[in-house]
Amino acid sequence: MVPVALQQRPARQPKTRPSTPIEPTNAGSPLERGDFLARLRDRSALRPSFDPNLPGGLRAWLEDGASALVATRGDDAPPMFLGPRLLLGQPGATASARQAGNLPSQLVLSSLVHALFTQLVTIGSIDDPLTDALDALSLHPNKLDLVHHINGLDRRARSALEADLACHVAHLTSLTPAFLPGWLPRTDDRVAIALAGGRVILGGVFDLLVGAPMPGQASVCAVQLTSGGPWAFARAALHYLALLETLRNGSPPYRLALLDSSVGRYVTEDIQEEHVRAMAAHVVTRLTNLGGHHE
Amino acid sequence: MNDPISLSPLTAALVNPLRVDHCTVTAAAIARCSSELSSLVAHRSGGGPFRLTDYVIRNALGSSEAAPPQVRFSWSASTARRSIGLAALRSLSEGTTHSPVDGVAFVIDQAIGDVAQGLRPVSSMDEWLANLSAAGRAAVQADAITWCTRLWTSVQFGAFATPPTIGRDHWWDSPQSSLLALRSRAEVRSTATGAGGKPVSVHLVVLNGPRRATIQSELSVVALVEALRTSDPLLPGRIVGWWPDSGRFVTLDVVQATLSAGVATVARTLTSIGASQASNSAATEAAA
């Protein structure tokens with residue numbers, strides 16, 4: 001079993017972060033954000049190497065599951081896009097529940113918190129949380145329904161949302177370090193792995209990646225944000241993303257981190273081959289079940 | 001000399017020499033393609049001119065149910081990321097900046113500064129950026145950083161024999177007909193060694209969306225335009241299409257059949273445009 005570090009921190013009020021990034025050499029300082037950064041950096045020079053045949057083996061395994069699904073749906077069916085919610089079975093995550101006008105409050109909050117996390121990583125500060133998040137989301141055409149939904153809230157609901165958001169932002173600002181440009185931080189990195197000749201597509205989005213992919217070596221660190229909901233699901237979703245990254249670049253991330261903005265805790269863990277193999281087994285089972293072939 | 005073992009798969013696909021038995025396209029074949037293209041638009045109903053971009057071709061080759069609804073272009077985080085990301089990549093390649101984060105910030109600051117000072121004609125994107133709030137700008141910046149980083153970390157830019165040209169679109173205007181122009185979009189262009197040791201041009205095209213059956217046709221038009229451009233003394237040797245989402249790429253070594261496929265793709269696109277125009281005209285008449 002891999003050791004997992006769990007930290008919980010008291011909430012703080014939102015404030016502007018200093019523009020000077022925390023230097024890697026300060027990672028062991030008592031600064032709160034430095035704690036998280038230190039956990040990401042700890043023993044990071046020891047980059048594990050993975051079996052170069054691992055991605056090919058995983059892909060072949062997943063292709064078996066995808067072929068079972070395609071056999072049921074037919075060759076001519078449109079591509080099926082599968083993400084962590086469907087594959088890992090998060091409750092209440094059906095498409096109908098996410099339609100415009102019927103947006104679950106958790107989805108609204110999650111979208112806002114993610115937008116603010118992106119802003120925090122990118123420019124290091126948040127001014128007015130709700131205004132900033134809406135400004136950011138309005139630049140993504142697929143989020144306009146959400147923006148209209150929030151703009152249509154009555155004053156009481158909007159105030160409640162602002163209060164919720166302030167709590168999350170307080171945790172985010174206390175935990176999220178400033179990443180040096182040389183660490184190559186990038187947010188919302190989309191992964192899409194096609195199986196069965198493009199008929200089944202496994203997709204997901206890394207909230208934050210740091211480090212450059214290196215041939216034959218695990219060299220990327222992935223940070224994922226959860227704004228509430230089942231912790232186990234969030235962790236499984238991160239393992240699922242690690243599986244997709246293995247298929248994309250040949251190695252999984254060497255380290256995963258999960259930030260929970262609802263309570264201000266985080267966990268870091270080193271990824272092992274058994275993690276991605278276990279996730280692949282789960283996805284294959286799920287694909288087979290979606291195809292109606294219960295074993 | 002580059003060690004081929006240390007190259008990323010995508011870099012190797014770009015810089016590796018072409019096969020020794022690779023048959024480069026001939027001048028006569030290129031002239032024939034040019035002639036065939038002009039004849040495609042000579043007697044075509046629907047007028048023209050036809051300025052075919054990769055976007056137009058992709059939509060024309062797709063099935064009708066897959067075609068996106070016609071929406072008016074507007075700037076957004078996703079439509080701006082490539083332009084900003086390429087400019088950042090150029091600054092990185094030239095050594096002006098040292099990371100995608102710095103490169104993107106440099107490009108955005110420069111755009112906003114130009115608008116504020118009115119120093120030179122500014123683009124619509126620059127004006128749009130200048131009018132965004134700090135939070136909106138950060139969202140654009142974040143998308144561009146991700147776009148730029150994925151390309152910067154996947155291609156080893158120092159591995160090319162000649163410094164790569166980044167983000168320059170090429171247009172070919174038919175010399176026989178003013179009605180036809182074709183665009184070749186490629187994010188990175190450089191050279192590799194062709195058959196007989198002669199340099200040939202290589203082109204990296206960043207792709208979006210799912211892998212599709214028509215991708216070879218789409219890339220063949222890039223090869224066709226590169227062959228037709230008389231201003232470039234190098235013949236096209238290889239086109240590589242790459243999906244950053246999946247890390248997969250397709251490689252197209254350019255031979256005569258590639259150019260023929262390019263001409264056929266243009267013909268199919270023009271037919272599709274004609275059919276679409278006829279359908280729209282019929283709908284308008286019916287409504288009247």
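1. The centres of domain 1 and domain 2 of chain B, taken over C-alpha atoms, lie 26 Å apart. Domain 1 covers 4-71 + 160-281 and domain 2 covers 77-158; such bounds come from an automatic or database domain assignment. Please keep in mind that this is a predicted model, where local features need pLDDT of at least 70, side-chain atom pairs count only at pLDDT 80 or more, and totals for chains, interfaces and linings use all residues. Residues are numbered from 1 along each chain as its sequence is written, while chains are lettered from A and ligands numbered from 1 in the order in which they are written.

2. Where do the two domains of chain B meet? Here 13 residues of domain 1 of chain B are in contact with 10 residues of domain 2 of chain B (contact: C-beta atoms, placed from the backbone, within 7 Å). On the domain 1 side, α1 (9-15) and β6 (199-206) of chain B each supply at least two residues. Helices (H or I, at least four residues) and strands (E, at least two) are DSSP runs, numbered from the N terminus. By class, this side of domain 1 of chain B has nine nonpolar, three polar and one charged residues. Ala, Val, Leu, Ile, Met, Phe, Trp, Tyr, Cys and Pro count as nonpolar, Asp, Glu, Lys and Arg as charged, and the others, Gly among them, as polar.

3. Now for the two chains: 33 residues of chain A are in contact with 26 residues of chain B. On the chain A side, α4 (105-123), α5 (129-137), β3 (186-195) and α8 (231-249) each supply at least two residues. β3(A) gives the most, with nine residues. The chain A side divides into 17 nonpolar, eight polar and eight charged residues.

4. Why does B:Ala139 count as buried? Because B:Ala139 has 29 C-beta neighbours inside 10 Å (buried: 20 or more other C-beta atoms within 10 Å; exposed: 12 or fewer; partly exposed: in between; C-beta atoms placed from the backbone). Leaving aside neighbours within four places in sequence, the contacts of B:Ala139 include A:Ala115, A:Thr118, A:Leu139 and B:Ala77.

5. Lastly, chain B has an open sheet of three strands in the order β1-β4-β3, with mixed pairing (two strands pair if DSSP finds at least two bridges between them). The edge strands are β1 (50-52) and β3 (170-173) of chain B. β3(B) pairs with β4 (residues 180-184) of chain B in the antiparallel sense over four bridges, and B:Trp171 has B:Arg183 as its bridge partner in β4(B).
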